[in-house]
Amino acid sequence: MARAVFYGAISLDGYLADKQDRLDWLYNQPGGELVPYDQFYQGIDYTMMGRRTYDVVKRDAPKEVLYPEKENFVFSRSNLNLEDNLQLVDQDPVAFIQHLPEDKTIWVVGGGALLRSVIEAGLIEEWWIQVVPILLGEGVPLFLPQRSQQKFQLVETEQFGQFAQLHLKK
């Protein structure tokens with residue numbers, strides 16, 4: 001089984017995006033360019049995201065090739081017309097991860113039901129969460145309600161401008 005990881009930014013009240021699925025609040029924060037995304041990105045082999053995350057990313061960067069040099073998977077029950085470097089997956093995300101090679105790392109991009117099922121299965125081994133000091137009030141939460149508790153070890157915290165990064169391990 002591949003090693004599953006999460007990397008992403010949230011508001012102080014735990015939202016990935018505002019109620020219109022917008023990320024302006026995130027892009028306008030000083031220090032975003034300092035966050036060590038490139039270092040993280042070099043350590044992954046695959047990405048996986050749900051349909052909603054895919055739609056938002058394509059809306060915000062329609063001409064960009066998503067995650068070049070990586071194998072990328074979009075989970076959806078609907079048929080989508082995807083770029084050449086993306087593969088449509090209509091299967092259980094947990095089983096999908098469990099069948100990937102154990103020497104590989106997969107980044108679960110975004111939140112929602114896709115992330116919830118992976119968390120509930122206990123598959124996220126490492127987290128990098130950047131917390132931005134803004135209260136959105138409502139929006140797209142990183143964490144949906146879970147059936148059980150999971151405890152993690154805080155490895156380190158770092159500040160990058162207005163971003164506080166938490167690094168956690170299972």
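Predicted model: local features only at pLDDT ≥ 70, side-chain atom pairs only at ≥ 80, totals over all residues.

Residues are numbered from 1 along each chain as its sequence is written, and side-chain values use heavy atoms, leaving out hydrogens and water.

**The whole chain**

Zoom out. The C-alpha atoms fill a box of roughly 35 × 35 × 30 Å along the principal axes. Buried residues (under 20% relative accessible area, 1.4 Å probe, protein chains only) make up 47% of the 170 residues.

Now show the cartoon. The protein chain has 5 helices and 10 strands; these are DSSP runs, H or I of at least four residues for helices and E of at least two for strands, numbered from the N terminus.

Select the strands in the order 5-4-3-6-1-7-10-9: they form an open sheet of 8 strands with mixed pairing. At its edges are strand 5 (86-89) and strand 9 (153-160), each pairing on one side only. Two strands pair if DSSP finds at least two bridges between them.

Move to strand 4 (residues 71-75), which runs parallel to strand 5 and is joined to it by 4 bridges. Here Asn72 stands opposite Leu86 in strand 5.

**Two helices across it**

Next, select helix 3 (residues 51-60). Helix 3 lies across strand 3 (46-50), strand 4, strand 5 and strand 6 (105-109), at about 100 degrees to strand 3. Then pick helix 5 (residues 112-120), which lies across strands including strand 1 (3-11) and strand 7 (124-132), at about 135 degrees to strand 7. Axes are lines fitted to C-alpha atoms, for helices over the stretch in contact, and angles run from 0 to 180 degrees between N-to-C directions.

**Last stop: Ser76**

Find Ser76 in the loop between strand 4 and strand 5. Is Ser76 buried or exposed? Its relative accessibility is 9%, so Ser76 counts as buried. Its side chain reaches the backbone nitrogen of Ser78 at 3.0 Å. Show its contacts (heavy atoms within 4.5 Å): Ser76 touches Arg51, Leu88, Val89 and Asp90, not counting residues up to four places away in sequence.

Notes:
Buried < 20%, exposed > 50% of the residue type's maximum accessible area, 1.4 Å probe, protein only. Polar contact = N/O pair within 3.5 Å; in protein donor to acceptor, adjacent residues only side chain to side chain.
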